[in-house]
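Dear colleague,

Please find below a structure that I am passing on to you.

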Amino acid sequence: NKKSAIEHLNDIKGNSFILGKWLFEERRLKESLQYLRPAANDLNTPDVWRLLAQLCYSIYEETKSIEYLQESFESSLNGLSVSNKDTLAFALRILRILLRKGNQQIYQSFENRIHSLDVTSWITVLPQIIAKCNTNDEKLRKILGDLLEAVGLSHPHPVLYGLLVPLCEVSSRQELAAGLFDKMRSEYPSI
């Protein structure tokens, strides 16, 4: 009996993740969500947060409901905060949502968490961050500038290197690059 097997699996701690994953693979998205939400909070591992982020994004794509986009974003932030090796996938998902689907609620979530995340996670995606610094969205431009500054204060060389091209351009990226160069110069006078 399929229903009793699902109930039995749900009774065993940790199996809510397995059950949620299976339901996700079967494209039973809303059912999967019922199991993955508690699994994410109970287990708090990168794998659970990654799957919950993918699930919520899939539901968002079907429904266009912002609550699922927000949950995907938050799950990615949570995954990034507990991951110590595979941070690229989380960083890319966060950037994709922030840059393509960002709204005030997502911006606020990111601002609230930016300083609690390991800045080394962003080094590999610096080119994407710098490329989007000339956005017309003033709030997003400030968030990206704050992120570059946070990374640059801990790891100045990759940020300074990445800012060399925008510094020589005539664009809004040049203004941001010049401002960050000045901040870095005051923090690291020997560079």
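Helices here are DSSP runs of H or I with at least four residues, numbered from the N terminus, and the expected span of a helix is 1.5 Å times one less than its number of residues. The model is predicted: local features need pLDDT of at least 70, side-chain atom pairs count only at pLDDT 80 or more, and totals for chains, interfaces and linings use all residues. Residues are numbered from 1 along each chain as its sequence is written, and side-chain values use heavy atoms, with hydrogens and water left out.

Helix α9 comprises 17 residues, 138-154. From first C-alpha to last it reaches 25 Å, close to the expected 24 Å.

The structure holds 8 salt bridges, a salt bridge being a side-chain nitrogen of Lys or Arg within 4 Å of a carboxyl oxygen of Asp or Glu. Two of them involve α9. Asp146 bonds to Lys142 with its closest N and O atoms 2.7 Å apart; both lie in α9, 4 residues apart, about one turn of the helix.

Elsewhere, Glu71 and Arg37 form a salt bridge of 2.7 Å between their closest N and O atoms. Glu71 lies in helix α5 and Arg37 in helix α3, so the pair ties together parts 34 residues apart in sequence. Glu71 counts as buried at 16% relative accessibility, whereas Arg37, at 34%, is partly exposed.

With kind regards

Technical notes:
Helices (H or I, at least four residues) and strands (E, at least two) are DSSP runs, numbered from the N terminus. Buried means under 20% relative accessible area, exposed over 50%, partly exposed in between (1.4 Å probe, protein chains only).
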